[in-house]
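Trainee: I am new to this structure. Please go through the terms with me as they come up.

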Amino acid sequence: MRASPVLCFSPASSMIDLLFKSEESRLAPLPTPKQDRILAAIDVGTNSIHMAVVKVEPVIPAFTIIAREKATVRLGDREPQTGRLTPEAMERAIVALRRCQEIAKTLNAEEIVATATSAVREAPNGQTFLHEVEKELGLIIDLISGQEEARRIYLGVLSGMEFNNQPHVIIDIGGGSTELILGDGHEPRTLSSTKIGAVRLTAELVHTDPISNSEFNYLQAYVRGMLERSVEELSAQVQPGEQPRLVGTSGTIETLAAIHAREKLGLIPSPLNGYQFSLKDLREITNRLRKLNYSERAAIPGMSDRRSEIIVAGAVILQEAMTLLGLEEITICERALREGIVVDWMLTHGLIEDRLRFQGSVRQRSVFKVAHKYHVNLEHGRRVADFALDLFDQLRGRLHHWSDAERELLWASAVLHNCGHFVSHSEHHKHSYYLIRYGELLGYTDVEIETIANLARYHRKSGPKKKHDSFRSIGSKKHRRVVEQLSPLLRLAVALDRRQIGAIQQVRCEYLPQEIRLHVTAVDPEDDCELELWSLNLKRSCFEEIYGLKLVPVLEGVPVKR
């Protein structure tokens with residue numbers, strides 16, 4: 001949301017108000033609400049079988065992942081001469097799918113939606129395998145094309161990342177194929193699937209350990225040649241002046257990101273969503289991995305035995321794709337095909353009107369979802385958010401220089417500041433911190449979630465202190481400063497709706513040499529707003545300490561007694 005230059009604010013005309021009006025009808029309790037539904041989504045891939053069990057909340061609409069399951073079955077280890085799925089691989093897959101069914105059943109999933117991709121799609125006996133699964137388990141698996149796989153990956157990424165109408169290139173490196181997608185949050189511009197994957201290339205092209213120079217060079221050249229057409233088609237849809245952002249999904253890319261994070265930060269962020277690393281750093285990691293043998297790669301912290309077998313080929317795919325695309329940085333998104341299966345199911349069941357509405361604003365929708373989950377009073381949250389953003393706008397350029405990015409973090413914290421009441425009224429600001437921190441806010445990076453949680457935590461009681469565990473958990477010095485400077489604004493905003501009845505109509509800042517006068521206009525001229533003014537005086541000390549100016553609340557032009 002863009003900042004407004006106006007100095008005087010009326011909640012009825014604000015962008016935030018319009019946003020809430022469009023969302024509240026879905027969040028407010030209905031006489032006969034649609035029931036939440038449990039769905040299991042299974043991705044039968046070349047390397048692994050993944051399942052996500054989700055709770056679909058039609059009222060919002062959104063979904064929450066309540067369980068995940070993964071089994072490395074290597075369907076891609078096919079017979080070299082015929083390309084057929086081996087009996088051993090099919091048996092491993094059936095065992096894993098039976099386990100997924102059992103988990104889904106215990107979680108009361110009403111439906112299991114399963115798809116199969118590259119390995120089954122290309123195997124001569126792929127359909128035989130699907131028939132065997134249906135016969136033994138009663139489970140129907142949809143076999144989807146490479147483009148359909150790319151489309152669902154796109155939907156999955158849209159469910160977890162903000163695009164802001166800007167072009168994004170999505171790369172998903174699977175065991176048997178690599179998908180490249182170009183989109184800006186609307187219909188995808190290009191969808192492609194190339195028959196190169198970490199398992200496939202390792203089986204076909206890597207026969208030495210560590211990989212020899214000749215095999216490595218050939219692997220690079222082969223990948224480059226296979227990707228060139230897809231990259232050319234994608235590049236042709238990038239408009240002059242556009243600079244796409246690269247987004248990476250899949251276990252291979254997440255593993256590379258985890259290696260990078262452990263080396264650079266000493267830890268792996270959780271969630272990994274939003275984590276970034278450069279092509280330069282990727283080349284260094286790839287160069288080191290190629291010199292290690294299987295056992296040495298397996299010894300890397302966080303590297304599974306099975307992943308260590310295929311990581312070199314996967315790293316080469318990513319490296320060559322970034323080079324061909326001319327993109328120097330990649331951002332991780334932890335949502336992909338499984339989540340896209342869920343979104344597609346919601347679309348086909350009429351729970352989302354269209355893709356654009358679902359994408360509209362990942363961050364805002366995620367905030368509303370958390371608010372709904374913890375029974376937040378959204379009318380109060382709206383007013384607090386309105387006042388917080390208005391103070392932010394009026395003080396920007398004079399007392400602070402934060403951007404729209406920080407403005408949005410303040411908005412989220414304002415909406416959710418009282419969610420801790422769900423646990424207990426006592427110390428509810430601390431409960432708010434934990435509920436926000438671990439509430440699966442989507443579209444935000446780890447440090448942004450930590451910042452939102454801390455802002456909410458400091459809307460009352462003491463201000464941020466280094467001795468507080470929550471404040472120390474913010475890894476970025478910049479974001480600690482955001483909490484220090486913006487939490488006083490949230491405190492004042494909460495005070496302006498102290499009775500939670502919308503008594504204050506408008507607030508205006510007047511700059512004087514040694515003080516700021518906060519002019520407050522009541523909705524009812526007969527209302528002295530005594531409790532709101534008392535609360536403003538109680539909470540102004542944090543503002544004065546941070547900004548070095550006195551804050552004087554004024555009601556209708558009359559200075560308030562102090």
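Mentor: Contact means heavy atoms within 4.5 Å. By that rule Thr451 touches Leu409, Ile474, His479, Val482 and Val483, leaving out residues up to four places away in sequence. This is a predicted model, where local features need pLDDT of at least 70 and side-chain atom pairs count only at pLDDT 80 or more, while totals for chains, interfaces and linings use all residues. Residues are numbered from 1 along each chain as its sequence is written, and side-chain values use heavy atoms, with hydrogens and water left out.

Trainee: Why does Thr451 count as buried?

Mentor: Buried means under 20% relative accessible area, exposed over 50%, partly exposed in between (1.4 Å probe, protein chains only). Thr451 has 0% relative accessibility, so Thr451 counts as buried.

Trainee: Which helix holds Thr451?

Mentor: Helix H18, residues 446–457. Helices (H or I, at least four residues) and strands (E, at least two) are DSSP runs, numbered from the N terminus.

Trainee: How do you know that E6 and E9 pair?

Mentor: Two strands pair if DSSP finds at least two bridges between them. Strand E6 (residues 168–173) and strand E9 (residues 245–249) have 5 bridges, in the parallel sense, so they pair. In E9, Arg245 is the bridge partner of His168.

Trainee: What makes E8 and E10 edge strands?

Mentor: The open sheet has 6 strands in the order E8-E7-E6-E9-E11-E10, with mixed pairing. Strand E8 (190–194) and strand E10 (276–278) each have a single partner strand, so one side of each lacks a neighbour in the sheet.
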